[in-house]
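Please read these notes with the structure open beside you. They go from the overall fold to single residues.

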Amino acid sequence: MENHFNTPSKSTTMSNIVFLLLSFPLGLCYFLITVIGFSLGIGTVVIWIGLPILFATLFLIRVMAEAERRMVSNLLHLPFPYRLQERDEPRMRFVRRFGKVLSDPSTWTSTIYMILKLPLGILNFVVALTLPIVSVALTLLPLVYLVNLFIDLILIKNGVPILDS
């Protein structure tokens, strides 16, 4: 007899479900870090402490986006191109590095993704929990009907009147 428990389709299905279930908590973290970082950075830019906070927020967004790319690549088995770090970044001054981060389009697409990850994560999480529960409920519905008929039969044999609704 063949072993059907460790087939590639099962591992792909499980990794898809894991990805869907991780979407909500990760999306919540991404959203909170992005919104709090930008709010705090923009609010304190007047006293110049906001610039390092904004830079740290953008750096965290880029790190979170890279982690998300790797997670998607590993769990969903989709190839994603990885960005190689440039060697001259540590030698640049803070203002030059900040300007380079601001002018990079991947920074802004990652920021939009981090903000949209929460509503999409909520939707994924709800779908990942609701569909299996509804499937099991509909699968067991004929069994529940038979058990109900059996209980009604026992009640009728014992002389208990059954109210039809």
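## Notes on the fold

1. The protein has four helices and zero strands. Along the sequence this reads as α-α-α-α. The model is a predicted one, so the notes on confidence come next, before any detail.

2. The mean pLDDT of the protein is 86, and 88% of the residues score at least 70. Among the helices, which has the lowest confidence and which the highest? Helix 3 is lowest, with a mean of 82, and helix 4 is highest, at 93.

3. Some totals for the whole protein follow. It has 165 residues, and 22% of them count as buried. Of the contacts with a separation of 6 or more, 67% are between residues 24 or more positions apart.

4. Helix 1 covers residues 8-43 and helix 2 covers residues 50-75. Helix 3 runs over 94-103, and helix 4 takes in residues 105-157. Helix 2 has 26 residues and spans 36 Å from its first C-alpha to its last, which is close to the 38 Å expected at 1.5 Å a residue.

5. Which residues make up the largest nonpolar core? There are 11: Tyr-30, Phe-38, Leu-54, Phe-55, Leu-58, Ile-61, Met-64, Ala-65, Phe-98, Val-101 and Met-114. Helix 1, helix 2 and helix 3 each give at least two residues to this core. Helix 2 gives the most, with six residues. In soluble globular proteins, nonpolar side chains tend to be buried together.

6. Phe-38 is one of the core residues. Apart from neighbours within four places in sequence, Phe-38 is in contact with Leu-54, Thr-57, Leu-58, Ile-61 and Thr-111.

7. Is Phe-59 buried or exposed? Phe-59 counts as exposed because its relative accessibility is 51%, and the cut-off for exposed is over 50%. In space, the C-alpha of Phe-59 is 8.2 Å from that of Val-101, and the two residues are 42 apart in sequence.

8. How many aromatic pairs does the count give? The count comes to one. The pair is Phe-24 with Phe-125; their ring centres are 5.5 Å apart, the planes are at 35 degrees, and the pair is tilted. Phe-24 is in helix 1 and Phe-125 in helix 4, so the pair links parts of the chain that are distant, 101 residues apart. Two values, a distance of the centres and an angle of the planes, are what describe a pair of aromatic rings.

9. Both partners of that pair have intermediate accessibility values. Phe-24 counts as partly exposed because its relative accessibility is 26%, and Phe-125 is partly exposed because its relative accessible area is 28%.

10. Leu-120 lies in helix 4, and its C-alpha is 7.8 Å from the C-alpha of Phe-24, 96 residues away along the chain. Leu-120 counts as partly exposed because its relative accessibility is 47%. Ile-122 is found in helix 4 too. Ile-122 and Leu-28 are 94 residues apart in sequence, with 8.8 Å between their C-alpha atoms. At a relative accessibility of 39%, Ile-122 is also partly exposed.

11. Most residues other than glycine have a negative phi. Trp-48 has a positive phi, near 70 degrees, and is not glycine. Trp-48 sits in the loop between helix 1 and helix 2. Trp-48 counts as exposed because its relative accessibility is 63%.

12. His-77 is the second case. Its phi is near 55 degrees, again a positive value in a residue other than glycine. His-77 follows helix 2 and is placed in the loop between helix 2 and helix 3.

Key. Residues are numbered from 1 along each chain as its sequence is written. This is a predicted model: local features need pLDDT of at least 70, side-chain atom pairs count only at pLDDT 80 or more; totals for chains, interfaces and linings use all residues. Side-chain values use heavy atoms; hydrogens and water are left out. Buried means under 20% relative accessible area, exposed over 50%, partly exposed in between (1.4 Å probe, protein chains only). The expected span of a helix is 1.5 Å times one less than its number of residues. Contact means heavy atoms within 4.5 Å. pLDDT is the predictor's confidence in each residue, from 0 to 100. A nonpolar core is a set of buried Ala, Val, Leu, Ile, Met, Phe, Trp, Tyr and Cys residues joined through side-chain atoms within 4.5 Å. Rings of Phe, Tyr and Trp (its six-membered ring) pair if their centres lie within 6.5 Å; planes under 30 degrees apart count as stacked, over 60 as edge-to-face and the rest as tilted.
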